[in-house]
Amino acid sequence: MALAVALAAALALLAASRARELRLSSRNERRMRARGGHGAPGGLFPLFVALHVAWPLALVAEVALAGARPGTLWPLWLVLVASGEGLRFSAMRALGDRWSARVYVVPGEPRVRRGPYRFLAHPNYLGVVLELAALPLLFGAWRTALAAGVVNALLLALRIRVEDRALRASERAPFDPGVRSG
C-alpha cells in the first residue's frame with residue numbers, strides 16, 4: 001500500500017510539473033515569436049511527448065504487473081531524481097523566457113552562458129536523463145529505466161544536432177529588437 005501511495009504521489013508531482021512546464025513553454029514561445037523568434041524544424045517534439053507519456057505508464061505497469069520493488073539503493077535514486085530536477089529547474093531559470101519544450105530561437109540573440117550553461121551545453125537534457133533513469137530505479141523498475149534511457153538517448157542525439165544547428169544560424173542572423181511577428 002505504501003508503495004502505491006509513493007508511486008501515485010511521484011507521478012502526480014511529475015504530471016503537475018509537466019503541465020506547468022507546457023504552460024510556461026507556450027508563454028515563452030509567444031514571447032520569442034514577438035521578438036522575431038521561430039521554432040526550428042526537426043525538433044522531434046511529438047516523439048518526446050510520446051516518450052514522456054509512455055514512460056510513467058511503463059513505470060506503473062512494471063510496478064503493478066511485473067512486481068518491481070525498491071531496492072536497497074533507493075536513497076541514491078531519490079538523490080539523483082532530486083538532482084535531475086534541480087538541474088532542470090536551474091537550466092530553465094537561466095534561460096528565462098528563452099526556455100521552451102520545443103527547439104525555439106530568436107535570431108541574433110546570443111547563447112545563454114549563465115547558470116549551469118557556464119559548465120554544460122545542455123544541462124536541461126542531463127537533468128531529464130537523470131530523471132528518466134532514477135525515478136523508475138527508485139521503484140525498482142529497471143526495465144522502464146533502461147527502455148526510456150535508450151529511447152531518450154536516440155532522440156537527444158537527433159535533437160541536440162537540430163538545436164545546435166538552429167543556435168549557430170540564429171547567432172549569425174542580425175538581431176532587430178523592433179521585429180514583431182504574429
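Trainee: At roughly what angle do the axes of helix 3 and helix 4 cross, and within what distance do they come?

Mentor: In this predicted model, the axes of helix 3 and helix 4 (residues 123–138) cross at roughly 155° and come within 8 Å.

Trainee: What makes helix 3 and helix 4 roughly parallel or roughly antiparallel to each other?

Mentor: Set the angle against the cut-off: roughly 155° is over 145 degrees, and therefore helix 3 and helix 4 are roughly antiparallel to each other. Their crossing is left-handed.

Trainee: Which residues of helix 3 and helix 4 meet?

Mentor: In helix 3 they include W74, W77, L78 and L80, and in helix 4 they include P123, L126, V128 and L130. By class, this contact of helix 3 with helix 4 divides into 16 nonpolar, 4 polar and 3 charged residues.

Trainee: Now for another partner of helix 3. How do helix 1 and helix 3 pack?

Mentor: Helix 1 (residues 2–34) packs with helix 3 (residues 74–95) at an angle of about 15°, and their axes are 13 Å apart.

Trainee: Why is helix 1 called roughly parallel to helix 3?

Mentor: The angle of about 15° is under 35 degrees, so helix 1 counts as roughly parallel to helix 3. The crossing of these two is left-handed. From helix 1, S17, R18, R20, E21 and L24 make the contact, and from helix 3 E85, R88, F89 and M92 do. These residues comprise 3 nonpolar, 1 polar and 5 charged.

Trainee: And what makes helix 2 roughly parallel or roughly antiparallel to helix 5?

Mentor: Helix 2 (residues 45–64) and helix 5 (residues 142–172) have axes 9 Å apart and pack at an angle of about 170°. That angle is over 145 degrees, which means helix 2 is roughly antiparallel to helix 5. Among the residues in contact are L47, F48, L51 and W55 of helix 2 and W142, A148, V151 and L155 of helix 5. The contact has 11 nonpolar, 2 polar and 3 charged residues.

Trainee: How do you know that the charged end of R102 sits over the ring of F45?

Mentor: One part of the test is distance: the charged end of R102 is 4.0 Å from the centre of the F45 ring, and the limit is within 6 Å. R88 passes that part too, lying over the face of F89 at 5.6 Å from the ring centre.

Trainee: How many aromatic pairs are there?

Mentor: The count comes to 0 aromatic pairs, where a pair would need ring centres within 6.5 Å.

Trainee: Last, how many helices and strands does the chain have, and in what order do its elements run?

Mentor: There are 5 helices and 2 strands, running α-β-α-α-β-α-α from the N terminus on. Along the principal axes, the C-alpha atoms fill a box of roughly 60 × 30 × 25 Å.

Methods. Residues are numbered from 1 along each chain as its sequence is written. This is a predicted model: local features need pLDDT of at least 70, side-chain atom pairs count only at pLDDT 80 or more; totals for chains, interfaces and linings use all residues. Side-chain values use heavy atoms; hydrogens and water are left out. Rings of Phe, Tyr and Trp (its six-membered ring) pair if their centres lie within 6.5 Å; planes under 30 degrees apart count as stacked, over 60 as edge-to-face and the rest as tilted. A charge sits over a ring if NZ of Lys or CZ of Arg is within 6 Å of the ring centre and within 35 degrees of the ring normal. Axes are lines fitted to C-alpha atoms, for helices over the stretch in contact, and angles run from 0 to 180 degrees between N-to-C directions. Helices (H or I, at least four residues) and strands (E, at least two) are DSSP runs, numbered from the N terminus. Angles under 35 degrees count as roughly parallel, over 145 as roughly antiparallel, 65 to 115 as roughly perpendicular and the rest as oblique. A crossing is left-handed if the near helix is turned anticlockwise from the far one by less than a right angle, and right-handed if clockwise. Contact means heavy atoms within 4.5 Å. Ala, Val, Leu, Ile, Met, Phe, Trp, Tyr, Cys and Pro count as nonpolar, Asp, Glu, Lys and Arg as charged, and the others, Gly among them, as polar.
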